[in-house]
Number of protein chains: 2
Amino acid sequence: MAEPRRPRAATTEKRSRILDAAEQIMLKDGYAAVTSRRVDAEAGIKLHYHFGSLDDLFVAVFRRRAERSVDRLRDALESDQPLRAWWAIASDPRGTALLVELTAAANHRSPLQAEVAELARDARRLEIEALSAILEDYGIDRDEFPPSLVAAAVQGLALVVVQDEVRGFDTAHGEAKAAIERLLDRLERGRGAR
Amino acid sequence: MAEPRRPRAATTEKRSRILDAAEQIMLKDGYAAVTSRRVDAEAGIKLHYHFGSLDDLFVAVFRRRAERSVDRLRDALESDQPLRAWWAIASDPRGTALLVELTAAANHRSPLQAEVAELARDARRLEIEALSAILEDYGIDRDEFPPSLVAAAVQGLALVVVQDEVRGFDTAHGEAKAAIERLLDRLERGRGAR
DNA sequence: GCAAAGTTAGAGCACTCGTTCTAATTTAGC
DNA sequence: GCTAAATTAGAACGAGTGCTCTAACTTTGC
């Protein structure tokens, strides 16, 4: 049978160095700029030995990110101020930008598409479950604003506000962000008082 | 001086045939699939004579779309049921998908980036102005939900719901859409009664 | 220190890309 | 119908792509 053939000590570190390079390129110039030669140059290592194909690399980048995201989301929704903590995660510029790029890249990389769909489902399920339990604490009517709507609204709002800010669009995103903070103040205060 | 050298009769039709082809490719396989040879094949004409460069083509696709969008948005916001009409536009799958692709493409096509920024600013300004006038009619508190927040929320919500639906993600988007319709019903009814 | 396995750099392959050029064809205006 | 301009197809160029192969190099376990 196949021998164990264990990798060397430094290998996992090199894998993550390649993943870091891929993320950085994606954030700077978009997913289409993530080419084998560009990653090689940025990481100082050739990717093909460690990942085989670009598809595999994209999937690995996504997986590493997705695992962190789901863990952090779970913690946030179980924290003292679930809405505020959730918003902090959703409105993180780096994470949002990467998610947008990876989702766009998934359009023509089917192995990646499956991963993206899975994360979308898991994250939304997590959010909806958590919201089902806490929405009433915030004084939000569940018939008028069901968890599925609130979840989509939070994610969408974060997406638009963050993207407009990152891209430097002149869309009063600062004012919107301030209003969201005020809203969170009021909601979290109201929840504590209940 | 330069002679008039007027183009032939069929030329404008051919230009728009190329634009149509570019849109179709983008919707099907993403902006990165819009290559000169692919467009040539899809449209049956060579694009370089009519547009010069791919950058010019992308800008032309965006401009044609942007002009229609702003006009339709203006009409919607001046209609009898501004929120509902606006939502209908924002949640149009084809328009949303194209906007996402073009915005992503703008990441590494600077001539396009300038156009996108301009549309974002103009559309948002239009929305904020209209909302400033009608928000109170809907019984929405302007301090708690300022126009800039409502505008970002509507666009973000549409983005997420439509994208999840188009991509077949299992995120309860159907339920969210139904809740939005109920919300619109209530809001528009309340506005009429005022 | 030595063999075996892990890892590397570099060349190379077959392909696609955006764009330009040229020669041929089609059309418009007279 | 003729001429000048508009438009076309097709080849070609240099560059970049994902990926493979090979020969060298480095580390590991004994």
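How are helix 7 of chain A and helix 8 of chain A oriented to each other? In this predicted model, local features require pLDDT of at least 70 and side-chain atom pairs count only at pLDDT 80 or more, whereas totals for chains, interfaces and linings use all residues. Residues are numbered from 1 along each chain as its sequence is written, and chains are lettered from A in the order in which they are written.

Helix 7 of chain A and helix 8 of chain A pack at an angle of about 125°, with axes 9 Å apart (axes are lines fitted to C-alpha atoms over the stretch in contact, and angles run from 0 to 180 degrees between N-to-C directions). The two helices are therefore oblique to each other, the class left after angles under 35 degrees (roughly parallel), over 145 (roughly antiparallel) and 65 to 115 (roughly perpendicular). Residues of helix 7 of chain A, including Arg124(A) and Leu131(A), meet residues of helix 8 of chain A, among them Pro147(A) and Val150(A); contact requires C-beta atoms, placed from the backbone, to lie within 7 Å. Helices are DSSP runs (H or I, at least four residues), numbered from the N terminus.

Between the chains, the contact takes 35 residues from chain A and 35 residues from chain B. Helix 8 of chain A supplies the largest share of the side of chain A that touches chain B, 11 residues.

A rotation of 180° with 0.0 Å of shift along its axis superposes chain A on chain B (RMSD 0.1 Å), by least squares on C-alpha atoms of residues with pLDDT of at least 70 in both copies. That is the relation of a two-fold axis. Of the residues of chain A, Gly156(A) comes closest to the rotation axis, at 1.9 Å (C-alpha).

Notes:
Contact = placed C-beta atoms within 7 Å.
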